[in-house]
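Dear colleague,

Please find below the sequence and the structure that I am handing over to you. My notes on what was found follow directly after them.

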Amino acid sequence: MQPNDLKKILSSGLLSFPVTDFDAEGNFNKSTYVKRLEWLAPYGATALFAAGGTGEFFSLTPQEYPEIIKTAVDTCRGQVPILAGVGGPTRVAAAYAKEAEKAGAQGLLLLPHYLTEASQDGLIEHVAEVCKATNLGVVVYNRANCRLSPTSLAILADRCPNLIGFKDGIGDIELMVSIWRKMGDRFSYLGGLPTAEVYAAAYKALGTPVYSSAVFNFMPKLAMDFYHAVASDNHAEQNRMIDEFFLPYLDIRNRKAGYAVSIVKAGAKLAGYDAGPVRAPLTDLTGEEVEMLHKLMLKQGAQ
C-alpha cells in the first residue's frame, strides 16, 4: 500500500489496537490471537494496529514481534489494513520497521523512543531515520517523551514523504491547534489519548475526527455506535454512552497506573476472548475490579 493511500484510509473511520494474546506462561498465543482478529475484523474498523501500545509492544521480544505482525496481516488480509507498532531506540525502531514491512504490514505507528529526553533536533533525526528505513506510510505518535513541535513536523514533512500521519496522545489543545494550522492536510490526524471516546467530540472540533478505540477490543458494537454518534454529531447519544459506560469504566481504569491495558484484557476475557495475562511491569485487575467491569459490560447488552 502506498503511503498516500494509507493516509486516505486513516482520514476517516474508527481505528483500534488489538491486545496481544499470551498463554498462562506469558508466551505469545497465536491461535487465540487469530480468533480475536477474526472476531473483530468484520465490525467495521478502518484499520487495526498490531503490537501497538494496547498490544503491549513495550514488552514484546524481537523474536516474537515478526510472528505477531505476520499473523495479524495474514488473518485480516482483504478485510482491514494492519499497521504495526514500532519504537524503542532509533536503530531498534528502524529494524522493527523493516521487519514489519517484510511481514506485510500496510503501515507503521512510530511509538515514543526509549527513556531519555531529547531535543527537537534529536526527535527530528529519530523520526527521519525510521521513515528512511521503510517504504511504508508512517504515523508518528506524539506522547510522553516524544513531543514534536509544529516547526519540527514541518521539517519532517519536507524530509520524509512517507510520514503521513500524526497521532496525539498528549491532549494539549494549544499544540494541536498550532499543528493543524501549520500543517493542514499534509497529515491525517488521529486522536490517541487513552479511552479516546471521552475526548472524541472535542478532537473532532479541532479537525481530528478519527481516533483509536481500546474498548473496541471487547465492546466492538458499543465502540462503533459511539463513533457513529460522534460522526453524526449526535450529542445526546454520546452523552448517554459516556454517562452509562465510559465514565464508570474510567473509574476502574484509573485505579492503578497501567490499567489502560489491563482493563482491556480483562474485558476481552469477559467477552469470551481470553487474551491471557498482561506482562510485567503491568498488573492485572483484581477480582473485585473484574466483577465491577463485568456488571458494567452486562448493562450494555450483547455485542
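**The pockets**

Helix 4 (90-103), strand 8, helix 10 (235-253) and helix 11 each contribute at least two residues to the lining of the largest pocket. Helices (H or I, at least four residues) and strands (E, at least two) are DSSP runs, numbered from the N terminus. This is a predicted model, in which local features need pLDDT of at least 70 and side-chain atom pairs count only at pLDDT 80 or more, while totals for chains, interfaces and linings use all residues. Residues are numbered from 1 along each chain as its sequence is written, and side-chain values use heavy atoms, with hydrogens and water left out.

The volume of the largest pocket is about 850 Å³. On a 1 Å grid over the protein atoms alone, a pocket is an open set of points with protein on both sides within 12 Å along at least five of seven lines, whereas a cavity is a set of points where a 1.4 Å probe fits but cannot get out; lining residues have an atom within 4 Å of a point. Grid points are joined across faces, edges and corners, and a volume is the space filled by probe spheres set on the points. The largest pocket has 36 lining residues, and Gly53, Thr54, Phe58, Leu111 and Arg143 lie nearest its centre. By type, this lining divides into 22 nonpolar, eleven polar and three charged residues. Here Ala, Val, Leu, Ile, Met, Phe, Trp, Tyr, Cys and Pro count as nonpolar, Asp, Glu, Lys and Arg as charged, and the others, Gly among them, as polar.

The second largest pocket holds about 180 Å³ of space. Its lining includes Ser262, Lys265, Asp274, Pro277 and Val290, and helix 11 gives the most to this lining, with five residues. Five nonpolar, two polar and four charged residues make up the lining of the second largest pocket.

**The cavity**

The structure holds one cavity of 30 Å³ or more. About 50 Å³ of space lies in the largest cavity, and the elements giving two or more residues to its lining are helix 8 (200-205) and strand 8 (210-213). Among the residues that line the largest cavity are Gly191, Leu193, Tyr199, Tyr203 and Val210. Seven of the lining residues are nonpolar, three are polar and none is charged.

Leu282 belongs to the loop between helix 11 (259-270) and helix 12 (287-298). Leu282 counts as buried because its relative accessibility is 16%; buried means under 20% relative accessible area, exposed over 50%, and partly exposed in between (1.4 Å probe, protein chains only). Apart from its neighbours within four places in sequence, Leu282 is in contact with Glu56, Phe58, Gly258, Val261 and Ser262, where contact means heavy atoms within 4.5 Å. The C-alpha atoms of Leu282 and Ser59 are 9.5 Å apart, although 223 residues separate them along the chain. Pro281 lies in the loop between helix 11 and helix 12 as well, and the peptide bond from Ala280 to Pro281 is cis, with omega near 15°.

Glu56, one of the contacts of Leu282, is in the loop between strand 2 (47-50) and helix 3 (65-76). Glu56 is buried at 0% relative accessibility, and it has a positive phi of about 60° although it is not a glycine.

**Other residues**

Thr195, in the loop between strand 7 (188-191) and helix 8, also has a positive phi, near 50°. Its relative accessible area is 9%, so Thr195 is buried.

Thr134 occupies the loop between helix 5 (120-132) and strand 5 (137-142), and is buried at 6% relative accessibility. A polar atom of the Thr134 side chain lies 2.9 Å from the backbone nitrogen of Leu136.

**Cysteines**

How many disulfides are there? The count comes to zero, a disulfide being a pair of cysteine sulfur atoms within 2.5 Å. The sulfur of Cys146 is 11 Å from the closest cysteine sulfur, that of Cys131, which is too far for a bond. Cys146 is buried, with a relative accessible area of 2%, and Cys76 is buried at 1%.

With kind regards

Terms used: A polar contact is a pair of N or O atoms within 3.5 Å; within protein, one must be able to donate a hydrogen and the other to accept it, and residues adjacent in sequence count only if both atoms are side-chain atoms.
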